[in-house]
Amino acid sequence: MRTTKQFKQRKSAAAKRRRFDDEPVRRGRLTEEERGHLADLRDEPEPRPLPDGADRWSTWDSGGHGPQPHPDWLVTELAAVDHELGVLKTGKEADVHLLRRSVPGGEACLLAAKRYRDADHRLFHRDGGYLEGRRMRRSREMRAIENRTSFGRGMIAQQWAVAEFTVLSGLWEAGAPVPYPAQRVGTEVLMQFIGSPDGTAAPRLAALRPSGEELDELWTQLVDALTALARHGFTHGDLSAYNVLVHEGRLVLIDLPQAVDVVTNPQGVDYLWRDVRNIAGWFRSRSGDESRFDPDELAVVLAAEANAR
């Protein structure tokens, strides 16, 4: 008579046989798919070793490129390599790194690499209003963005990078004082580094203490820059003395992913007025004469240039 222990052992053995009987018999042979995969691996070239302690090969053969003709200083050779030189700026949505792209033993250039964070490591705290008026062709992507799913947040990061690269390209071609947008790959935007050849970044307007003629000259440049944006249909969207650089006496606008279309965005005119009041307030605080820099007058002019009265 079988004991309970023997019965359980026979039952377990039968279960194991059924499990293994369900699996296909391999007999040591590869499937067609596996043979193809191995062939691909054999044909795949070995990665080239990076020279001179570089961090990566140039990504020039990937993504989109900036307006043509490309500036003479930009290194476009595929044999070039990239060296990471440090962080220029950290922010809630992206960090900006200093990059040297060079051909070993040849020409080199400095680039600012703006890298938007992935869905788990960023905080797009103001994207709702800025994204109004922007539409994507695929309804699935729009639904994901509106519902802020994980995929949607990833699409938002990509949309910010695309938006900044597109706006910079258009403004550069229009002659506005913005960094040249060299390249976009995914959520990384490579642009002209504004600063000295030794890697020292140009100071922000907020760090300067201009007065008299210098202050007037910077205001004139600012008005011209904002007019160029308005004629292109945009306002900066987050303008302050912290996202304006001054390099060798010339004013440069930066941080433009949230640039707002003044006409198609329902809040476009509100953003324009806020931009002007913010930056005019800084100039007024440096002059002591509130009548010198009139934000209301400038806002009216810019709204007219953008055809959004």
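Strand β5 (residues 108-116) and strand β7 run antiparallel to each other and pair over five bridges; strands count as paired when DSSP finds at least two bridges between them. This is a predicted model, where local features need pLDDT of at least 70, side-chain atom pairs count only at pLDDT 80 or more, and totals for chains, interfaces and linings use all residues. Residues are numbered from 1 along each chain as its sequence is written, and side-chain values use heavy atoms, with hydrogens and water left out.

**The whole chain**

- The protein chain has eight helices and eleven strands, which are DSSP runs numbered from the N terminus (helices H or I, at least four residues; strands E, at least two).
- Of the 309 residues in the protein chain, 41% are buried, meaning under 20% relative accessible area with a 1.4 Å probe, protein chains only.
- Take the contacts in the protein chain with a separation of 6 or more: 63% of them link residues 24 or more positions apart. A contact means heavy atoms within 4.5 Å.

**The sheet**

- Seven strands make up an open sheet, and reading across it you get β1-β3-β4-β5-β7-β6-β2, with antiparallel pairing.
- β1 (56-57) and β2 are the edge strands, each pairing on one side only.
- Strands of a sheet pair through backbone hydrogen bonds, either parallel or antiparallel.

**Strands β6 and β7**

- β6 covers residues 181-185, and four of those five are buried, so the rest of the structure largely encloses this strand.
- β7 is likewise largely enclosed by the rest of the structure, because four of its five residues are buried.
- β6 and β7 (residues 188-192) pair antiparallel over four bridges, with Pro-181 standing opposite Met-191 in β7.
- Two residues sit between β6 and β7 in their hairpin, and Gly-186 in the turn has a positive phi of about 65°.
- β6 also pairs with β2 (residues 64-65), in the antiparallel sense over two bridges; here Gly-64 has Arg-184 of β6 as its bridge partner.

- α6 (residues 212-231) has 20 residues and spans 29 Å from first C-alpha to last, close to the expected 28 Å, which is 1.5 Å times one less than the number of residues.
- Gly-233 follows α6 and has a positive phi, near 95°.
- α6 packs against α8 (residues 295-305) at an angle of about 30°, with the axes 8 Å apart. That makes the two helices roughly parallel, a label for angles under 35 degrees.
- Those axes are lines fitted to C-alpha atoms over the stretch in contact, and angles run from 0 to 180 degrees between N-to-C directions.
- In this packing, Trp-219, Val-223, Leu-226, Thr-227, Ala-230 and Arg-231 of α6 meet Leu-298, Leu-302 and Glu-305 of α8.

Conventions:
Buried < 20%, exposed > 50% of the residue type's maximum accessible area, 1.4 Å probe, protein only. Parallel < 35°, antiparallel > 145°, perpendicular 65-115°, else oblique.
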